[in-house]
2 protein chains.
Amino acid sequence: MTVELISIGTELLLGNIINTNATYLSIQCAKLGFTLYHQITVGDNEVRLSDVIKTAQDRSDIIILTGGLGPTSDDITKETLAKVVGRELVMDEHSKERILSYYKQLYAYDTNKVLPKGLELITENNWKQALKIRDSIVIDNDNGTAPGYIVEDKNKIFILLPGPPGEMIPMFENHILPYLKKLQDKVFLSKMVKICGIGESKAETMIMDLIKSQTNPTIAPYAKSGEVHFRITAGADKEEEAEALIKPIIKELKARFGNNIYTTREDITLEKAVIDLLINYKLTLATAESCTGGLLSGRIVNVAGASQVFTEGFITYSNQAKIKYLNVNPDTLNTYGAVSEETAKEMALGLIKTTGCDVAVAVTGIAGPDGGTKEKPVGLVYISCSIKGKTFVKRCNFKGNRAKIREQSVVAALDLVRRSILEIYV
Amino acid sequence: MTVELISIGTELLLGNIINTNATYLSIQCAKLGFTLYHQITVGDNEVRLSDVIKTAQDRSDIIILTGGLGPTSDDITKETLAKVVGRELVMDEHSKERILSYYKQLYAYDTNKVLPKGLELITENNWKQALKIRDSIVIDNDNGTAPGYIVEDKNKIFILLPGPPGEMIPMFENHILPYLKKLQDKVFLSKMVKICGIGESKAETMIMDLIKSQTNPTIAPYAKSGEVHFRITAGADKEEEAEALIKPIIKELKARFGNNIYTTREDITLEKAVIDLLINYKLTLATAESCTGGLLSGRIVNVAGASQVFTEGFITYSNQAKIKYLNVNPDTLNTYGAVSEETAKEMALGLIKTTGCDVAVAVTGIAGPDGGTKEKPVGLVYISCSIKGKTFVKRCNFKGNRAKIREQSVVAALDLVRRSILEIYV
């Protein structure tokens with residue numbers, strides 16, 4: 001079955017917001033084994049939206065529309081689709097009830113606001129959101145007032161979802177996903193193999209034979225700054241069969257990439273994998289950052305519960321700070337420079353002394369745009385990790401602008417911590 | 001004139017990458033005063049791409065196509081458009097020369113690789129990139145091998161650009177923008193008013209009368225986490241006239257928003273505005289972060305040249321670290337807790353003592369998902385800024401998930417530094 005996405009909203013056409021909904025829904029369709037040939041973005045305009053819906057109806061089986069379900073007169077997705085399928089709008093009492101209780105709750109929670117008498121703040125416009133296309137399935141919105149809808153019409157299926165991702169994604173996951181799964185006679189299962197420390201093109205080349213010969217499961221690379229993710233998707237009659245199809249591929253990838261793979265779970269990030277390793281071996285971590293300036297520790301703290309293993313970090317952006325807090329020898333800085341193997345090493349070792357942590361990671365580099373020389377170009381970054389008396393140093397030559405270089409440095413630092421722990425403990 | 005965007009690439013349909021090209025080009029079109037009604041994404045498939053081009057040709061004046069210009073047989077954008085406009089592909093000697101010198105340079109720079117004899121690595125496929133649609137304008141690619149093209153055909157204009165943003169954006173800015181500007185009989189000028197410290201809906205309400213009555217200039221809000229940006233765009237016969245149309249709107253916005261506006265320049269970020277203030281008043285800054293865990297300092301270091309005013313920072317994620325490095329009184333932590341006005345204040349004051357900086361900013365809060373109580377819910381964040389013996393504290397109640405709360409905390413901290421400096425010095 002083919003799916004077509006229609007994103008509705010003038011704010012998308014003006015570039016006010018990035019269309020992450022299309023990306024999210026495309027991934028979901030790929031995981032479900034549906035084929036997606038078209039993504040369309042159009043404004044809140046009846047003529048143009050109507051045309052786009054009719055075109056989609058002619059060439060696709062399932063049409064997912066996001067946006068334009070709000071309470072204002074600009075929001076016309078439901079009204080336009082109703083005309084295309086030739087059905088009237090009728091009041092849905094269940095939605096009306098839900099909208100009322102949503103507002104009641106909203107005002108009750110916000111103690112600064114007095115609940116207006118008879119909830120006058122609910123205007124006539126709000127009740128517009130309780131209208132449904134006749135004989136459609138209403139999907140409750142647990143994070144807002146606009147319900148979603150499924151309209152089955154002459155072998156075609158229209159799915160209407162609210163535009164804000166915070167409302168759309170939970171609605172899709174809780175209600176639309178089970179509905180769509182039933183439409184598939186096959187079960188589709190997907191796993192993610194996440195790789196770090198190998199470039200994208202090299203990683204792809206390493207399994208090009210598998211990618212080229214893929215039918216079921218399929219292998220698709222997903223680009224992510226400094227990492228490479230491969231999604232393996234298999235379709236089968238039963239989940240166990242799909243699992244059985246995926247298993248040998250994962251095994252093969254593990255054989256080829258070894259411990260460059262940091263997880264085969266979709267929900268595990270690199271920082272989470274590192275924190276889990278630290279927790280597992282009961283190790284504490286501290287950070288010392290120069291060019292990344294806090295991005296590394298900031299990413300570690302992304303993980304809820306990081307406080308179990310991470311208690312402190314230093315931003316030593318100046319030489320003075322490196323001497324003062326990390327006890328880096330001024331001679332080292334003078335002789336080898338702030339961006340050098342020697343300084344990185346001393347930063348990590350000093351960090352162990354200052355904090356008493358088990359694992360110390362230090363980053364020093366030239367993020368640009370200025371400060372590069374022929375010997376030490378922009379993008380040169382030294383990362384050091386000290387653990388149990390052993391100190392590892394990695395020299396990196398990153399390409400790209402300041403932001404890209406700093407981002408890659410963070411990934412490389414997390415990866416070095418991971419590899420150092422594996423080196424010592426596994 | 002109307003513009004239509006066509007993004008080409010299977011990776012977009014699989015959700016492997018987010019379509020930031022569409023967002024970027026939409027903003028550019030809005031700034032140029034062009035009307036954009038449709039954004040289309042389609043795969044590298046001749047039949048479907050051909051259909052999409054024909055539809056665009058019927059309803060739009062300028063069609064911008066991105067992607068599918070690479071050297072592989074999958075890349076068919078140029079070939080498909082050639083068929084639609086009924087022109088043959090011819091070898092462009094200039095592009096051939098450029099591709100050759102691009103590869104020469106690539107191998108010469110990379111000292112690890114030996115330049116292959118006669119550059120054998122340039123396969124026949126690479127020469128495919130030197131083919132142009134007859135009578136089209138070739139646009140040099142300064143960041144890759146795939147040139148862009150402008151094809152003028154029966155009152156319609158097709159613009160073909162490479163897919164990677166790193167190649168597309170410079171090509172657009174350097175070559176396409178001047179071309180498109182000539183097509184406009186009017187000059188369009190746009191300015192950005194960036195606001196911090198007021199929520200999006202409140203900010204919009206404050207100028208709703210201006211937004212509702214807008215014709216020329218237009219005012220469009222752009223959402224950005226923790227900030228509100230308004231783009232003011234005016235069209236006129238001459239640049240000075242457009243400037244004159246914008247000026248009173250900027251003045252009115254300044255009157256209404258006061259020093260909630262941190263810049264009226266598009267290229268100035270909040271962190272850059274803060275750094276500029278610090279440089280201007282010759283002040284040094286230090287940071288102490290708990291829940292943001294380095295994101296604040298990381299964002300400050302985004303600014304190239306931040307080292308002039310920012311030398312050091314602390315991640316004091318644990319209570320112990322707050323006591324050890326910032327001299328926070330253990331009694332304060334016991335009595336009021338780590339997330340309190342008192343602790344935030346002591347963190348900032350301790351930071352001044354430890355580092356000798358002029359301006360100290362400290363953040364402590366509950367980012368969740370756990371750790372919240374009825375008195376201190378998830379999202380409660382205290383920010384303190386100490387400067388010249390005066391210490392300001394701001395209590396924030398943020399909504400959203402862990403990442404959102406931390407992001408808003410960073411913005412609020414930068415904003416507090418900005419306001420504190422203005423309070424003392426202006």
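Colleague: Where is the place of B:Pro369?

Modeller: Bear in mind that this is a predicted model. B:Gly368 and B:Pro369 are joined by a cis peptide bond, with omega about 5°. As for the place of B:Pro369, look in the loop between strand S15 (359-365) and strand S16 (380-387) of chain B.

Colleague: And in chain A, which peptide bond is cis, with omega near 0°?

Modeller: Start from the loop between strand S15 (359-365) and strand S16 (380-387) of chain A, where A:Pro369 lies. The cis bond, with omega near 0°, runs from A:Gly368 to A:Pro369.

Colleague: Which loop holds B:Asn155?

Modeller: B:Asn155 has a positive phi, near 65°, and is a residue other than glycine. Its loop in chain B is the one between strand S7 (148-153) and strand S8 (156-161).

Colleague: What rotation superposes chain B on chain A?

Modeller: In general, two copies of a chain are related by a rotation about an axis and a shift along it. Here the shift is 0.1 Å and the RMSD is 0.1 Å, with a rotation of 180°. The two copies are thus related as by a two-fold rotation axis.

Colleague: In chain B, which residue has the C-alpha nearest the axis?

Modeller: The axis in question is the one for the 180° rotation that puts chain B on chain A. The nearest C-alpha in chain B sits 2.0 Å from that axis, and it belongs to B:Gly294.

Colleague: Why do the copies meet through the same surface?

Modeller: Take the interface residues of chain B and ask what share of them are also interface residues in chain A. The copies meet through the same surface because that share is 100%.

Colleague: Which elements give two or more residues to the lining of the largest cavity?

Modeller: There are two cavities of 30 Å³ or more, and the largest holds about 150 Å³ of space. Its lining has 16 residues, with A:Asn19, A:Thr41, B:Asn19, B:Ala22 and B:Gln39 nearest the centre. By class, the lining splits into eight nonpolar, eight polar and no charged residues. The elements giving two or more residues are, in chain A and again in chain B, helix H2 (20-32) and strand S2 (35-42).

Colleague: How many charged residues are in the lining of the second largest cavity?

Modeller: That cavity has about 40 Å³ of space. Its lining includes A:Asp140, A:Asp142 and A:Glu167, along with A:Pro170 and A:His175. Sorted by class, the lining has two nonpolar residues, four polar ones and, for the charged class, three.

Colleague: Which helix gives the most to the lining of the second largest pocket?

Modeller: This pocket has a volume of about 830 Å³, and 25 residues line it, with B:Ile198, B:Gly199, B:Gly226, B:Phe398 and B:Gln408 closest to its centre. Domain 2 (187-263) and domain 3 (270-425) of chain B each supply at least three lining residues. Strands S10 (218-224), S11 (227-236) and S17 (390-397) of chain B each give at least two, as does helix H16 (402-425). With seven residues, the one that gives the most is H16(B).

Colleague: At what angle do helix H13 and helix H15 of chain A pack?

Modeller: A:Lys322, A:Tyr325 and A:Leu326 in H13(A) meet residues of H15(A) that include A:Glu346, A:Met347 and A:Leu351. The contact counts four nonpolar, three polar and two charged residues. The axes are 9 Å apart, and the angle is about 40°.

Terms used
Residues are numbered from 1 along each chain as its sequence is written. Chains are lettered from A and ligands numbered from 1 in the order in which they are written. This is a predicted model: local features need pLDDT of at least 70, side-chain atom pairs count only at pLDDT 80 or more; totals for chains, interfaces and linings use all residues. Side-chain values use heavy atoms; hydrogens and water are left out. Copies are superposed by least squares on the C-alpha atoms of residues with pLDDT of at least 70 in both. Contact means heavy atoms within 4.5 Å. On a 1 Å grid over the protein atoms alone, a cavity is a set of points where a 1.4 Å probe fits but cannot get out, and a pocket is an open set with protein on both sides within 12 Å along at least five of seven lines; lining residues have an atom within 4 Å of a point. Grid points are joined across faces, edges and corners, and a volume is the space filled by probe spheres set on the points. Helices (H or I, at least four residues) and strands (E, at least two) are DSSP runs, numbered from the N terminus. Ala, Val, Leu, Ile, Met, Phe, Trp, Tyr, Cys and Pro count as nonpolar, Asp, Glu, Lys and Arg as charged, and the others, Gly among them, as polar. Axes are lines fitted to C-alpha atoms, for helices over the stretch in contact, and angles run from 0 to 180 degrees between N-to-C directions. Domain bounds come from an automatic or database domain assignment.
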